[in-house]
Amino acid sequence: MADYKLRRSLLYVPGNMPSMLQNIPLFQCDAVQIDLEDAVPLAEKDAARILVRRFLDNYKNRNKEILVRINGLDTKWALDDLKTVLPAIPDGIRLPKADSPEIVEHLDTMLTEYEEELGLQVGFFKILPSIETAEGVLNAPKTAKASTRLIGLAFGAEDYTATMEINRTKTGEELFNARMNVLWGAKAAGIQAIDSIFADVNDMESLRKETELIKKLGFTGKCMINPRQIDIIHDVFAPKQEEVDYALEVIEAIKRAREMGTGVISLKGKMIDRPVVVRAARVLNTARAHGMVDVVINEEDINGTE
Amino acid sequence: MVRNSVGRLIPETFAGKKLIPYSDPWSLQPHAERSTRAIRRITHNGSKLVGGLRDAIIASGLKDGMTISTHHSLRNGDYLLNELVKEIDALGIRDIKIASSSVHIVHAELIPYIRKGTITGFECGVNGLIAEQVSKGELDCPIIVRSHGGRARSLITGEVPVDVAFLAAPYCDEYGNFNGFYGPSACGSLGYALVDAQHAHKVVAVTDNLVPFPAVPVGIPQSVVDFVCQVPRLGDPKKIVSSTTKITTDPIGLQIAKYAAMVIEATGYVKDGFSFQTGTGGISLAVAEHVRNMMRRDKVKGSFGLGGITGYFVDMLEEGLFEALFDVQCFDLKAVQSIGRNQKHVEITAGTYANPFNCGATVNRLDCVILSATETDVNFNVNVNTESMGYLLHNTGGHCDAAAGAKVSIVVCPSIRGRLPMVRDEVTTISTPGETVGVIVTERGIAVNDNLPDLKAELIKRGAPVKDIRQLRDEIQAVTGVPKPIEFEDKVVALIEYRDGSIIDVIRQVKP
């Protein structure tokens, strides 16, 4: 079942920087990914882990989804990362180097153990795996179905281009096939597809172009390394007024259809059925985040009642 | 000691002057004539050149116990005040008071002359090391910090009689006409010097760029200038126009600017006739950028931009977004170039800008002003004078003037600096009283003063993150904790004068 949670913008915040961690509540991104991996120098791995734990313990009124990017499961830090941060109840784990479904399954098993220990429902902790190597891209469709904890597949272009021994360009032709495989994998599994970061924080025009491109391809969100990028990403993902108007009409139409005892109805000569309704629901949820509408779409509106 | 209306204990006298405790921003009404000075009759039509600085000091008749002034638009590039004091000292003159429009960090060179008794007081705000040493009790020299409007007032009313004004004149002729627009030390508007030129008992134009008569356009005319003298250099051009003129890239600063722009939009004043002031600094410029986009989007033709003027305002003028710029000081080279060629970019005096005691200062016509703060408190008071150790470090500038004048004054301030909370129970020093502050904007939310209920309701309607100022304080303190208060001695080392001449706060010596 597709998840309707908005994840347009996922901000990386280095786990070893108290001044940045304290600002997490302030930014209007949909999610943050507190980083214990690449942003943290080897000498600070322990300190960062403790700092993140303390921060999460004190961040009571959470106003966005919190993921923690742990170190790769093949490193000596990954276990300590999980042991330290999970009791502070993040929403999920960003799993680096998810090259194969087995790696995701391995994390899934560990999370289940922690959930039992912490008295949480099994499946509470979500996983967002990073598809960031050639092998990871090839395995993406299988990885996407490796666990019910998956909220999406996240493409990591920086590491991907490194493993491909190529340079990343601003126009991104070299990423096209990889992006498509990640997208197909995610869509086939009914989960979200999250695009890579855009590294040049001063080039807002190219950021906008890249975000427009990946939105067109089917990505539902994008990672970021600087809060200055939030507004542009949200702006690109904002639905157009006519899309919103049409979506509202679709929801109205399907409600009328249900009252008449059918799941299909014609609107202005076009057939409205479940896939169209699902797309309309997505548009309206996004529109709501942009303050364009205040309707709340729930499962009942999409599927009807039994 | 008397407690003033904002709760600060004010001594009855300071440096031999009787003090008026602050009561409110509006009611103090003087009953007196403006200051006067002797009529002159200069009949010769030759040169007023007297030679160098030392000759000018002698010609001006400067004596022990007198007061001198300079203007501050050469800022940290200024050579004049330091050179002047060296010459005064060499002539054996003592007990001189300085009533410049501002004293900058570069003037720390005056410290030996303060110790020696050449300089014995400041009738103006002082930035930097001198003020810090006075705060520590290491330097004994009374300081009276005045706002830009307040300083103009003190000269115009005669409360501070300036015996000789030595005015840096970047483009000057031998008969005393000058402007600040051209030459190697060009600084643009001479808004502060214009007051001294009218009210000082003797006026000396000091130039490093003597041009053939007439120096036009005439900013300060021959008719008020007694002498002209030449120096090799007035200042270092690189440091004259050195303010921050780039938009901030700090995400926190940008968030504050975004919220400040929401406030401006919610005031409803961004329509034809809109008037606006903002300073330099990355956040202020980011707000100006938002304002520019709003004005473009809504095709607004504003009336005027005010204050220290930056290239940003110049661009807005040239784009037709404002009818005029009123300029007391130019903050960057683009502003300097503009004021020299564009008649809509108008040089105004500090008195016209902000003196409360005239028929109406330009600040009175402001819709919105963006102001900064070192710290703020739950009563909306703002401190721009003292820093976290309690040392006097900064001038008031036009802060309290613009706050009192504008319909909505918006203070932008990060909620945390270093590890310190910037919304507190009580600011260390009150520079600007809370009743003249409309809104305090931090990255954690927007606090609206109760005296603007409509604006508050409008912001809430627009979904802006409006918070009660006490809630904001609590949220910040939850991160930072409550800092230990700074400890002060009883000794008062400086005054913070409100724009009307009453005393809003004092600076006490900091305990070691």
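This is a predicted model: local features need pLDDT of at least 70, side-chain atom pairs count only at pLDDT 80 or more; totals for chains, interfaces and linings use all residues.
Reader: Thanks! Which residues of α15(B) are exposed, then?
Author: B:R470 and B:A478 are exposed. They sit on the other side of α15(B) from the buried residues, which are B:I469, B:L472, B:R473 and B:I476.

Reader: Nice. What do the buried residues of α15(B) pack against?
Author: They pack against strands of chain B: β22 (416-417), β23 (420-421), β24 (423-424), β25 (439-442) and β26 (445-448).

Reader: And how does the span of α15(B) compare with what it should be?
Author: It agrees: the helix has twelve residues, 469-480, which at 1.5 Å a residue should span 16 Å, and its end C-alpha atoms are 16 Å apart. Just after α15(B) comes B:G481, with a positive phi of about 80°.

Reader: Let's hop to chain A. At what angle do α5 and α7 pack?
Author: Helix α5 (residues 134-143) and helix α7 (residues 176-189) of chain A pack at about 10°, and their axes are 8 Å apart. That angle is under 35 degrees, so α5(A) is roughly parallel to α7(A).

Reader: Which residues meet there?
Author: From α5(A) there are A:V137, A:A140, A:P141 and A:T143. They meet A:A178, A:N181, A:V182, A:W184, A:G185 and A:A188 in α7(A). By class, this contact has seven nonpolar, three polar and no charged residues.

Reader: Another spot: where is A:P25?
Author: A:P25 lies in the loop between α1 (18-21) and β2 (31-35) of chain A.

Reader: Is that proline buried, exposed or in between, and why?
Author: In between: A:P25 is partly exposed, because 16 other C-beta atoms are within 10 Å.

Reader: What does A:P25 touch?
Author: Leaving aside residues up to four places away in sequence, A:P25 touches A:Y59 and A:N63. A:Y59 is 34 residues from A:P25 in sequence, with 8.0 Å between their C-alpha atoms.

Reader: Last one: how many residues of chain A are in contact with chain B?
Author: Seven residues of chain A are in contact with nine of chain B. The chain A side has two nonpolar, four polar and one charged residues.

Technical notes:
Residues are numbered from 1 along each chain as its sequence is written. Chains are lettered from A and ligands numbered from 1 in the order in which they are written. Two residues are in contact if their C-beta atoms, placed from the backbone, lie within 7 Å. Ala, Val, Leu, Ile, Met, Phe, Trp, Tyr, Cys and Pro count as nonpolar, Asp, Glu, Lys and Arg as charged, and the others, Gly among them, as polar. Helices (H or I, at least four residues) and strands (E, at least two) are DSSP runs, numbered from the N terminus. A residue is buried if 20 or more other C-beta atoms lie within 10 Å of its own, exposed if 12 or fewer, and partly exposed in between; C-beta atoms are placed from the backbone. Axes are lines fitted to C-alpha atoms, for helices over the stretch in contact, and angles run from 0 to 180 degrees between N-to-C directions. Angles under 35 degrees count as roughly parallel, over 145 as roughly antiparallel, 65 to 115 as roughly perpendicular and the rest as oblique. The expected span of a helix is 1.5 Å times one less than its number of residues.
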